[in-house]
Amino acid sequence: MNSRSFLKRIERIGALICPPNSREMRIANLTAEHRKWFDKWMIDRKAWIARFAQADHAYAAMLEGENGPQLPTEIRNLIDGPAPTLPAGISETDAAEIYRDYLNEGRK
């Protein structure tokens, strides 16, 4: 097998492991500048979580409004798409369904 065939095979295997529209591929396809911001956010986020004795304490802090480092909206939208808009007066059940669809779409 020549090197070109080998690289093509690796690409096909990669596409099976990580589908083209998956969150992982959207992260992998960020520009160098966006990736730099994403990587910095990941480091900052891990450092923020490490401040807590247990990971669930970080989650509890988030529920109390202490969210830690935030990924810039521009980059978050490139990865997950813009957050859904919930119409005024929508039921909690309908809002949950819209948000669940949004989360599931980002995990494909």
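The notes below take the overall form and then a single residue.

This is a predicted model, in which local features need pLDDT of at least 70 and side-chain atom pairs count only at pLDDT 80 or more, while totals for chains, interfaces and linings use all residues. Residues are numbered from 1 along each chain as its sequence is written, and side-chain values use heavy atoms, with hydrogens and water left out.

**Overall form**

- The protein has six helices and zero strands, where helices (H or I, at least four residues) and strands (E, at least two) are DSSP runs numbered from the N terminus.
- The radius of gyration, taken over C-alpha atoms, is 18 Å for the protein, whereas a compact globule of 108 residues would have a value near 13 Å, by the rule of 2.2 Å times the number of residues to the power 0.38.
- The C-alpha trace spans about 60 × 35 × 25 Å along its principal axes.
- Of the 108 residues in the protein, 19% are buried, a word that means under 20% relative accessible area, with exposed being over 50% and partly exposed in between (1.4 Å probe, protein chains only).

**His34**

- His34 is found in helix H3, which covers residues 32-50, and His34 counts as buried because its relative accessibility is 16%.
- Apart from neighbours within four places in sequence, His34 is in contact with Glu74, Ile75 and Leu78, contact meaning heavy atoms within 4.5 Å.
- The side chains of His34 and Glu74 make a polar contact at 3.0 Å, that is, a pair of N or O atoms within 3.5 Å, of which, within protein, one must be able to donate a hydrogen and the other to accept it, and residues adjacent in sequence count only if both atoms are side-chain atoms.
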